[in-house]
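Dear colleague,

I am handing over the structure below, and after it I set out what was found in it. Please read the notes alongside the coordinates.

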Amino acid sequence: MNRRDPEYVFDALGDATRRRVVVQLGSLGSATPTQLAQYLPITRQAISKHLDLLADAGLVSFERHGRETIYRLAPQRFTDAVGWIAQVGAEWDSRLAALRRQLKKR
Amino acid sequence: MSDVEREVLLPAAPDEVWESLTDPERLSEWFGAEVTGRVEPGEVVTFTHPDGTQRRAIVEIAEPEQRLVFRYLPFETTPDERTRRRESSRVAIHIEPFDAQTVIRITETRVGSAGTPRPQIGFHARARA
């Protein structure tokens, strides 16, 4: 799977622990794995692995400061994936309503 | 996964629903675009949207009153005849009778550039014919 594919975003978010990392990072704004570990019932090492995968999917960005790596959510990526679903879903809702009207007339 | 899925009960028998899905004139009435071309396996169907943008889709499977699958080609044509890239997606419509009515299930899935399954153009339709 190509990591630019939206599919990759959903795979990355398919894990409950990883979603908790995302939510926690969102509420902190930016954080290091050590900081995140204070809020989550998993080790700093496990958090680092989840963050690597999230960075691979383009869902978080990071900056290195000496020995620390500071992570942030990358909101555009969420919007791209969720936006497609919302738009295509709305299109089908209105099409299906029109199809129902057409069939009722007959 | 990045799918949109809808399942609805329609107030008509499967043969009527199939007509609405495959007759370009009837399709144009509800699809939100003018549809031209033949809805048959291997054929390319053109959707002209109200703003003049055109998208094309290749019909992969058309099993009367059972299943219709088409895949949008990865580009669109603007009203000034320019072609630009647009993400592809595949639409699968499953049809099932329910009393005197019909349940249809629609799934639209984004088609990625990698790992895309090969289309099965017309195979099922022809095997059944």
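Read along the sequence, chain A runs α-α-β-α-α-β-β-α, where helices (H or I, at least four residues) and strands (E, at least two) are DSSP runs numbered from the N terminus. The radius of gyration of chain A, taken over C-alpha atoms, is 19 Å, well over the 13 Å that the globule rule (2.2 Å times the number of residues to the power 0.38) gives for 106 residues, so chain A is more spread out than a compact globule. Its C-alpha trace spans about 70 × 25 × 25 Å along the principal axes.

This is a predicted model, in which local features need pLDDT of at least 70 and side-chain atom pairs count only at pLDDT 80 or more, while totals for chains, interfaces and linings use all residues. Residues are numbered from 1 along each chain as its sequence is written, and chains are lettered from A and ligands numbered from 1 in the order in which they are written.

In chain B, Asp80(B) sits in the loop between β5 (67-77) and β6 (83-85), and counts as exposed because it has 6 C-beta neighbours inside 10 Å.

Best regards

Key. A residue is buried if 20 or more other C-beta atoms lie within 10 Å of its own, exposed if 12 or fewer, and partly exposed in between; C-beta atoms are placed from the backbone.
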